[in-house]
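Morning, everyone. Please look at the sequence and the structure on the screen, and then I'll walk you through two parts.

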Amino acid sequence: MSAEKSFEEFCRDELAPQLLPFEQLRKRAATSGIIGSGLAALTFISFLIARANEAQGFFVVAFILLLPTIIFIVIYYNRKKEYVSGFKENIVHSIINFIDPNMRYNPHECIHRNDYEKSGLFLKTPDKYSGDDYVEGWRDKTVFCFSELHTQYKVSSGKSTSWHTIFKGLFFIGDFNKHFHGRTYVYSENNPQIGFFTKMFSSFAWDLEKVKLESTEFENKFVVYSNDQVEARYILTPSFMERLAKLQDLMGEGTSYSFVDTNIYVAVPIRDALFEPRIFSPNSYDCLGDYYNTVHIIFDIIDELNLNLRIWTKE
Amino acid sequence: MIYIIVTIAVVLTLVSIILYNRLIQKKNAIDNAYFSMDVMLKKRYDLIPQLVETVKGYMHHEKDVLLQLTELRQRVLTGNLNTNEKVELDNRINSNLQNIVASFENYPQLKASDNFLHLQRSINETEEQLAASRRFYNTAVNDYHNAIEMFPSSIIASWMRLKHKTFFSIAGEHRHTPSINFNK
């Protein structure tokens, strides 16, 4: 990040001129969206009236309106796609580049499924895996990557199929500052995956055991499982536990952490999409500030957990 | 009536077996934790000759401490010691090691040595692993104490003549990460 230039100055001097053509695209997409929705509403109303009164004339109107409705909706989706893609490739890319020119951003990529599965944070295997807004880079000595992810599982009963979300939010992978060989999982106390039976029998996989730690504050917030009791405590030192508890206050209660294959995996549930521009209202500096803050959430994870402290054999 | 007595006897036997097994499990957990601590201590002892070799050329004022450290290591590795003697020697090694680590600051030329930096990283790692294994040991001892003091397992524990175990003193060890600067 350029120290000499604040984000506000960057927005005013560099982003504002870049935003102008996208504002035109946004308005065009929004207009076609509004027209399409209006036509869809009219078509629907005509159809309802025609059915209620058996009025043939309204059926004809509904069928006449159906074609332009479809055309406008298709136009809307195409324009929206063009706008969102252009906005991300230019505006979001510029913001990421302003924060750190060494970071790589790809709006169409996401964390690889293998990495998601390797994290072991979620017990259910996803039937649908999607995501976007992939960023990778390094902060001081810590290599990291993150993206938005949405994973779902399918429940079929008879002919009907319903989709349920396993995880939706920001998924982060960082290089941990200590060597370790085992697997350690830190779930928030109210994580739905850690149900009554899991707590009672203290094992959700054949080789994992519940880890009892000394800090009452930490124990009130988290449940820890590991396949190596000593290694879990080597990772979760008293000071690291304090930092994790502090980070949890910052990230929100549902955040889960795993320590696998010398990496730290963090899953932060977020309802809204990460770098998604608005369609029906102008993208103010506040919105741009949100994108900027999203990247800083990642930096907070690295800084709060002190991942750049490299005083052990892992450099 | 006889059925009720038999049922009570069966239930009591089953409960006793479960409690007995749990106590054995907790006792073994302490042995397991002690073993992992022993592994870490051996790792630490293995680092001492390397440390002495690397720093002896620089640390002339601490020659006696280095010599003492080597002797203590030799005693702990070769002597047939009981647990108390082992703990006492380990505490003395710990104190000598901390004195040496504290005086690193007085030798800036040491910090220019790659060997030394690597060694210092290994020492930090081993010390933190040792602290982790001691914490695990203390948790196992705490669980065991709860089991032998709480009713009804306390009855089985007294019948088994299970005694209290000593906690390892961590004395604020690595409560905060050591502030060692690796910039040359």
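**Chain B, then a helix pair in chain A**

Start with contacts in chain B. Of those between residues at least 6 apart in sequence, 79% join residues at least 24 apart. Contact here means heavy atoms within 4.5 Å.

Some ground rules. This is a predicted model, where local features need pLDDT of at least 70, side-chain atom pairs count only at pLDDT 80 or more, and totals for chains, interfaces and linings use all residues. Residues are numbered from 1 along each chain as its sequence is written, chains are lettered from A and ligands numbered from 1 in the order written, and side-chain values use heavy atoms, with hydrogens and water left out.

Back to chain B. It has five helices and zero strands. Helices are DSSP runs of H or I, at least four residues; strands are runs of E, at least two; both are numbered from the N terminus. Its C-alpha trace spans about 85 × 35 × 20 Å along the principal axes. Of its 184 residues, 41% are buried, meaning under 20% relative accessible area with a 1.4 Å probe, protein chains only.

Now chain A. Helix α7(A), residues 238-251, packs on α8(A), residues 285-304, at about 165°, axes 10 Å apart. Axes are lines fitted to C-alpha atoms over the stretch in contact, and angles run from 0 to 180 degrees between N-to-C directions. So α7(A) is roughly antiparallel to α8(A), the term for angles over 145 degrees.

Who touches whom? From α7(A): Arg243(A), Lys246(A), Leu247(A), Leu250(A) and Met251(A). From α8(A): Ile297(A), Asp300(A), Ile301(A) and Glu304(A).

Definitions and conventions
Angles under 35 degrees count as roughly parallel, over 145 as roughly antiparallel, 65 to 115 as roughly perpendicular and the rest as oblique. Buried means under 20% relative accessible area, exposed over 50%, partly exposed in between (1.4 Å probe, protein chains only).
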